[in-house]
Amino acid sequence: MIFLSLQAFSQAPTLALEGLCGKHAQKQFITIGDPLNVTLATNLPVNQYVNQNINIIGDIVFDKSFTFEHCAIKFENGKSFFVRNSRILTISSSDLFSCDKLWKGIILDNQARIDLNNCSIEDAYTVITTNKNSILNML
């Protein structure tokens, strides 16, 4: 990804050739998921992650409502979030990205809801896939 930054009107624009992966390159990440099996949110040790750097190594199914706040969420190749029927996934002030290959994206089941507030998302095949009666709130 290429970002264009204007320093001042009298100066030429500068290019920064890094995206979210570069922004978070020096951080330590905790690992969530299993690369061979789906991980249910009910099996995660918490109901929310706040101020965490998280490496998603397997698909996560949110079978309960869940929150990420002020997180860097790095996905491995082809991994995804799936939000089940009538569940809410809230992601606030967080970065979602992959470094080497594309991640699959976020999939909403019927009547599932996602609330995105002040987030940056990069490197997904499809950022959000909605189904019948799913709800997408972007603030």
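In which loop does S93 lie? I looked it up: S93 is in the loop between β11 and β12 (95–97). One reminder to myself before going on is that this is a predicted model.

Backbone entry. I checked phi for S93 and got a value near 45 degrees, which is positive although the residue isn't glycine. I jotted that down because most residues other than glycine have a negative phi. H70 went on the list too, with a positive phi near 55 degrees. I found H70 in the loop between β8 and β9.

Whole-chain entry. I counted one helix and 17 strands in the protein chain. Of its 139 residues, 37% are buried. I noted an accessible surface of about 8,000 Å², with 48% of it belonging to carbon and sulfur atoms.

Core entry. The largest nonpolar core has 26 residues, and F62, F68, F81, L89 and I106 touch the most other members. Several strands give two or more residues to this core, including β8 (66–69), β9 (72–75) and β11 (88–92).

I then picked F68 and skipped its neighbours within four places in sequence. Its remaining contacts include Y49, I54, F62, I73, F81 and L89, and also S92 and S94.

Conventions:
Residues numbered from 1 in each chain as written. Predicted model: local features only at pLDDT ≥ 70, side-chain atom pairs only at ≥ 80, totals over all residues. Heavy atoms only, no water. Helix = DSSP H or I, 4+ residues; strand = E, 2+ residues; numbered from the N terminus. Buried < 20%, exposed > 50% of the residue type's maximum accessible area, 1.4 Å probe, protein only. Areas by Shrake-Rupley, 256 points an atom, 1.4 Å probe, with all protein chains shown as cover. Core = buried A, V, L, I, M, F, W, Y, C linked by side-chain atoms within 4.5 Å. Contact = heavy atoms within 4.5 Å.
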